[in-house]
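Visitor: I have a model open and would like a quick walk through it. Could you take me around?

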Amino acid sequence: MIDWGVPMLAGAIALYVYAANSTSPSEVYHAFTLMDPPSTDILWAPSLLGWLLVPAIIGGFAGHVIATRIGSTKSISTETLFRQRRWGQRLKPPGLIDDLRGYFHGPIAQQDFVDAWVRVAHRNDWDRAQDHWEVFVRDMVSTQQYADLDRHECLRQAQGSSRLALLMTAQVGLCLVCERRR
């Protein structure tokens, strides 16, 4: 975007201003968006530019969305993809990411994590701490290292790994999600 988008935008704006000085701005807009055919020679350049840029911008945006969506999924080998699950695994509903309020009265390790994560890293903002906890666990679950596990074991191990990873930064007052969103 920066390497090619900014110079292309500057060129398109310069062409628009030049053509708008020769004709009316609405005629340039209509020629650029291909709503009307170019009526003068000066409008052929904005019409051609619109004919090239509009599909390129839409295609680039769609390609970016699709690539981001594909890149965030985990790949699963075919042998584990088609492995038959036991009845207990089939009937058990999918797990939920833990609510941090339950950790407040849990074992010492969970209490230490909640103390550092909520009180230190998020300055007692429980809602933001819970939101960032869920974001981090969701991203952890979709990594390659948990691809071979079933959904319940995957969630359990991802939450345990997340607690370990986030505890270290939370003790010094940092939240990885807060830092990433800045």
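Visitor: Where does Arg123 lie?
Guide: Keep in mind that this is a predicted model. Arg123 has a positive phi of about 50 degrees, even though it is not a glycine. As for its place in the chain, Arg123 sits in the loop between H7 and H8.

Visitor: Is Arg123 buried or exposed?
Guide: The cut-off for exposed is over 50% relative accessible area. Arg123 comes in at 58% relative accessibility, so the label is exposed.

Visitor: And Leu34, is that one buried, partly exposed or exposed?
Guide: Leu34 is another non-glycine with a positive phi, about 65 degrees, and it lies in the loop between helix H2 (25–32) and helix H3 (44–71). Between the cut-offs of 20% and 50%, a residue counts as partly exposed. Leu34 has a relative accessible area of 43%, so call it partly exposed.

Visitor: Now the rings: is the pair Phe104 and Trp126 stacked, tilted or edge-to-face?
Guide: Ring centres have to lie within 6.5 Å to pair, and planes over 60 degrees apart count as edge-to-face. By this rule there are five aromatic pairs. For Phe104 and Trp126 the centres are 6.4 Å apart and the planes stand at 75 degrees, so the pair is edge-to-face.

Visitor: How many residues apart are Phe104 and Trp126?
Guide: This pair links distant parts of the chain. Phe104 is in the loop between helix H6 (100–103) and helix H7 (108–121), while Trp126 belongs to helix H8 (residues 126–141), which puts them 22 residues apart.

Key
Residues numbered from 1 in each chain as written. Predicted model: local features only at pLDDT ≥ 70, side-chain atom pairs only at ≥ 80, totals over all residues. Heavy atoms only, no water. Phe/Tyr/Trp six-rings, centres within 6.5 Å; stacked < 30°, edge-to-face > 60°. Helix = DSSP H or I, 4+ residues; strand = E, 2+ residues; numbered from the N terminus. Buried < 20%, exposed > 50% of the residue type's maximum accessible area, 1.4 Å probe, protein only.
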